[in-house]
Structures are given as structure tokens and as C-alpha cells.
Amino acid sequence: MLQPTRFFLAAALAWSAAIVRADLKAGDPFPSLAAAGLSGPLPATERRVVLVDFWASWCGPCKASFPAYSKLQSDYANRGLVVVAVSVDENAAAYERFVKNLHPQFVTVHDKAQQLVRQVKVPTMPTCYVIGRDGKVRFVHQGFHGEDSARELRQEIDTLLAESAPPS
Amino acid sequence: MKANPFRPFLAALLGALGLAVLGGCANAKLVRVQPWERATLADYTMNPARDPLATVNAEHVYFSRESASGGRGVGGSGCGCN
């Protein structure tokens, strides 16, 4: 039987663990994009490798990441990669202006009500999730760090594309 | 040496006090600005060094008067990006 001191210590640890943010991590299933109330056309993502990026027009590194994601999408589209960029902008005009100026070569959708981002609880802006063919998060990238991020993403996408799709 | 009979109660009291303190950390009324809610903080008007010429002048004054240089500001604005 636990002594009172140890009991309360264990209880305090459990409590403190509960109040820490529950971020989405590798191995967790990614929430359904279709059920998140996103505005904009969603591509087919079933049994595909998906890169979901959370961005905002007011975030500098997000802007820097767009050309890299465009390159990834064009290089890997034939092999089954889908890039979906989710804007968390509260200002719809800012979202539209940003997309119009940057001409991304991938799908951009708007989470105007910030429903999906609240569900995912991104730790920083931008954050991108690389999701395997089974719909589970395999890699999480916090921030965008130029060539280093692009190189890591390519390695991870190569790995995931080489994996066979789970039986339907 | 005889054991203190009140020791379990003191330990329980200490534990309860600890839980109360941690409970304060979990108070839902605390405002936590989440990373996706920082549009206003990232706005240009939130940057205290909006005038580059004034910033350079101030830096020059500090350097001339105090031989102090650098140590001002951090990367990025209030958006918390990276």
C-alpha cells in the first residue's frame, strides 16, 4: 500500500501531466479534414501520403515555406503525395491576398473558425504533419528552417511513399 | 527514536497543498494566447522598432555614451513563429 507522501506525490504528478498540452504526435491518427469545416476544395487523401501544413498570412516562416511545398508537390504528385495547406487566418481577405500573391502549386484551404487547429493544437506556426498512407501522423515539423526542413521532408516522404498502402 | 504519529497527516496536508498550487496552474480563466491566435501580436504596429532611422540613432547614442552595442531585440515579432 502506498504511503500518504508517495500517494500525494503520484497524484500531483498525474495532475500536472494532465494540464500539459496534448499535442498531436507521431503515431496518432490525424483528424478528418472533411469533418473540420474547412472552406475550399479538399483533394482525395485516402491511402496517400499527405503533408498538412498549418500557416497564416501574418507568419513570416510560413511565407518562406510555400515555394518549398510547391516544389515538393510538383516533384512527388505522380507518386501519391498530397500537400494540403490549412490557413488559420481570422481575416479572410488576408488569406485570399496571400494565396493570390504566392500562387501555391498545392491545395490551400481556410480554417476560418480555427476548428481544426484547435483540435490539433499546433505547438508553433508554422507546423506541418507528414501523414502516412494509414492516416496516422508519422512526422511533425515545427517551424520552417529553409533547406534543412526541405531536405528532411524529402527523406521522410521518400520513406513513406515506399511503404505499401494498408489493405482497404 | 519514537516515530512522530502526526507524520502521515502532515504529509497528507503537504500533498493537498501541492495539489492546490498545481490546480491554480490549470485554472481555465488564465489567458493563454495560442500560436494560431497571434495575428494581432504579429501586426506591424506591435513592433516597437518601426522606425529604422530612430532605432539606428538610439543605437548610436547608446554606443557613443555607454560603449554599449547589441543585445537589443530578438528575432521575429510577437507571432512566436519559430
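Modeller: Start with a definition: two strands pair if DSSP finds at least two bridges between them. Helices (H or I, at least four residues) and strands (E, at least two) are themselves DSSP runs, numbered from the N terminus. This is a predicted model, in which local features need pLDDT of at least 70, side-chain atom pairs count only at pLDDT 80 or more, and totals for chains, interfaces and linings use all residues. Residues are numbered from 1 along each chain as its sequence is written, while chains are lettered from A and ligands numbered from 1 in the order in which they are written.

Colleague: How do you know that strand 4 of chain A and strand 5 of chain A pair?

Modeller: Five bridges join them, and the two strands run antiparallel. The cut-off is at least two bridges, so they pair. In one of the bridges, A:Tyr129 is partnered by A:Val140 of strand 5. The two strands form a hairpin with five residues between them. In that turn, A:Gly135 has a positive phi of about 85°.

Colleague: Why is A:Phe66 called buried?

Modeller: A residue is buried if 20 or more other C-beta atoms lie within 10 Å of its own, exposed if 12 or fewer, and partly exposed in between; C-beta atoms are placed from the backbone. A:Phe66 has 23, so it is buried. A:Phe66 sits in helix 2 of chain A. Leaving aside neighbours within four places in sequence, A:Phe66 is in contact (C-beta atoms, placed from the backbone, within 7 Å) with A:Leu102 and A:Pro104.

Colleague: What peptide bond joins A:Met125 and A:Pro126?

Modeller: A cis bond, with omega about -5°. A:Pro126 lies in the loop between helix 4 and strand 4 of chain A.

Colleague: What makes a set of residues a nonpolar core?

Modeller: They are buried Ala, Val, Leu, Ile, Met, Phe, Trp, Tyr and Cys residues, joined through C-beta atoms within 7 Å. The largest such core here has 37 residues. Those with the most contacts inside it include A:Val52, A:Ala56 and A:Val130. Among the elements giving two or more residues to this core are strand 1, helix 2 and strand 2 of chain A. Beyond four places in sequence, the contacts of A:Ala56 include A:Cys62, B:Trp36 and B:Ala39.

Colleague: How do you know that helix 2 of chain B lies largely in the open?

Modeller: Of its 15 residues, the number buried is zero, so it lies largely in the open. Across chain B, buried residues make up 9% of the 82 residues. Chain B has two helices and zero strands.

Definitions and conventions. Two residues are in contact if their C-beta atoms, placed from the backbone, lie within 7 Å.
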